[in-house]
Amino acid sequence: MSNVYLLHGSGAGHGSAFLQVFKRELEALLNTSVTPITMAYMQEIEKTGKKRPPPRLPKLVTEVGDTIDKEAPVVLIGKSMGSRIIAELCQSHNVKACVALGFPFYPAKKEDKHRLENLQSSGAVPYLVCQGTRDSLGAIEWVARQTLPNNVNLHWIEGADHDFNVLKRYNRSQDLVIKELAKVSADFIASQDTNS
């Protein structure tokens, strides 16, 4: 099995309950350890307790890329902003599969400023996007109108927002949603040839 790396989003690091539960579930399903990568700005936030915006994407791509062996086969998973970074790393690293947990297709309420070029950077690497139907950074109606690259697969979580919280009427706890995300991710990763 390739090394599996997990990248956080812009606002919450690996201390978040969501990423902790997801990591634990995924490790059990894949029977391998998942390595979390905490970017320098997030380490600073965790140390000082003061919120700060992340640096621009190219800087983060370089930073994360420098921590991963370029030759070794890897599987990359990213939450939100992390999913843009992993798409870019497909250009420079031996990436076998990518999973996005809530791809930020556009900034909130700015659909014209879309980020589809990040997905195009993933080239031919199998890329799974897990997205909530109520995601304010990539609603199902908007995504359905786009032409996504052939390597990109979509898995929709009914009623979930960008953080995979689901409306009460769907009667599903976030833990159940995370279990589904981990299962879908594990199945996708297992279906790819991730060793060569």
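**Close-up 1. The largest nonpolar core of the predicted model has 36 residues.** Leu76, Ile85, Phe105, Leu119 and Tyr127 touch the most other members. Helix H4, spanning residues 81–89, gives the most to this core, with 5 residues. A second, separate core holds 28 residues. Val99, Leu101, Leu128 and Phe188 are among them.

**Close-up 2. Tyr127 and its contacts beyond four places in sequence.** Tyr127 is one of the residues that touch the most other members of the largest core. Its contacts include Ile86, Ala87, Cys98, Ala100, Phe103, Leu119 and Val152. Ser83, Ser122, Asn151 and Asn153 are also in contact with Tyr127.

**Close-up 3. Ring pairs link five named aromatic residues into a cluster: Phe103, Phe105, Tyr106, Tyr127 and Trp142.** The model's count of aromatic pairs comes to 5.

**Close-up 4. Phe18 and Phe164 form a stacked aromatic pair.** Their ring centres are 5.7 Å apart, with 10 degrees between the planes. The pair links distant parts of the chain, 146 residues apart. Phe18 sits in helix H1 (residues 17–30). Phe164 lies in the loop between strand E6 (152–157) and helix H7 (174–190). Phe18 counts as buried because its relative accessibility is 8%, under the 20% cut-off. Phe164 is also buried, at 0%.

**Close-up 5. Lys79 lies over the face of Phe18.** Lys79 is 5.7 Å from the ring centre. Phe18 is also the stacking partner of Phe164.

Definitions and conventions. Residues numbered from 1 in each chain as written. Predicted model: local features only at pLDDT ≥ 70, side-chain atom pairs only at ≥ 80, totals over all residues. Heavy atoms only, no water. Core = buried A, V, L, I, M, F, W, Y, C linked by side-chain atoms within 4.5 Å. Buried < 20%, exposed > 50% of the residue type's maximum accessible area, 1.4 Å probe, protein only. Helix = DSSP H or I, 4+ residues; strand = E, 2+ residues; numbered from the N terminus. Contact = heavy atoms within 4.5 Å. Phe/Tyr/Trp six-rings, centres within 6.5 Å; stacked < 30°, edge-to-face > 60°. Lys NZ or Arg CZ within 6 Å of the ring centre and 35° of its normal.
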